[in-house]
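Have a look at the sequence and the 3D view first, and then we'll pick a place to start.

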Amino acid sequence: MLNTASFYAPEHWKGRCYRVSRSHPRGQRVQWETLPLVYPPRELLRAYRGGEVDFDGFSQGYRMALEESYGRLAQFREWADGLPSLDDFTLLCFEREGLPCHRRELARWLLERVPGLSPGELR
């Protein structure tokens with residue numbers, strides 16, 4: 001099952017954990033695998049943080065980047081296609097639960113794209 005959680009809520013982490021953010025939280029011991037294939041593009045992050053695009057615009061740009069990477073990178077397709085065989089896994093980033101976040105956009109994209117993938121708790 002696919003789950004999402006904040007770095008700051010380890011009580012919500014289930015199974016294998018993947019960091020899907022570009023940076024690592026300071027002061028925390030690494031307890032996850034990194035997944036650079038799904039990091040949001042730097043330009044898109046700058047535009048969002050700078051107020052040039054709202055979260056809807058960010059989400060659309062991020063989904064386009066995911067589609068492009070999925071089509072171009074065999075490693076990304078292999079990782080995504082193998083997800084249904086995992087019991088539980090969690091996508092991690094910085095945003096606290098309830099705030100707009102790319103990890104949930106990634107989760108929704110994966111659920112649409114990968115047959116047999118089941119949703120868990122998308123926080």
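Is Asn 3 buried or exposed? At 1% relative accessibility, Asn 3 counts as buried (buried is under 20% relative accessible area, exposed over 50%, partly exposed in between, with a 1.4 Å probe and protein chains only). Keep in mind that this is a predicted model, where local features need pLDDT of at least 70, side-chain atom pairs count only at pLDDT 80 or more, and totals for chains, interfaces and linings use all residues. Residues are numbered from 1 along each chain as its sequence is written, and side-chain values use heavy atoms, with hydrogens and water left out.

Asn 3 sits in strand E1, residues 2–6 (strands are DSSP runs of E with at least two residues, helices runs of H or I with at least four, numbered from the N terminus). A polar atom of the Asn 3 side chain lies 2.8 Å from the backbone nitrogen of Glu 121, and one lies 3.2 Å from the backbone oxygen of Met 1. Leaving aside residues up to four places away in sequence, Asn 3 touches several others, including Phe 89, Thr 90 and Leu 91 (contact means heavy atoms within 4.5 Å).

E4 pairs in the parallel sense with E1 over five bridges, and with strand E2 (residues 16–19) over four bridges; strands pair if DSSP finds at least two bridges between them. Ser 6 has Cys 93 as its bridge partner in E4, while Tyr 18 stands opposite Leu 91.

Now for the rings. The structure holds 14 aromatic pairs (ring centres of Phe, Tyr or Trp, its six-membered ring, within 6.5 Å; planes under 30 degrees apart are stacked, over 60 edge-to-face, the rest tilted). Here are two of them:

| Pair | Centre distance | Plane angle | Type |
|---|---|---|---|
| Phe 7 and Phe 94 | 4.9 Å | 75° | edge-to-face |
| Phe 58 and Tyr 62 | 6.1 Å | 20° | stacked |

Phe 7 and Phe 94 are 87 residues apart and link distant parts of the chain. Phe 7 is buried at 0%, whereas Phe 94, at 25%, is partly exposed. Phe 58 and Tyr 62 both lie in helix H2, four residues apart.

How values were computed:
A polar contact is a pair of N or O atoms within 3.5 Å; within protein, one must be able to donate a hydrogen and the other to accept it, and residues adjacent in sequence count only if both atoms are side-chain atoms.
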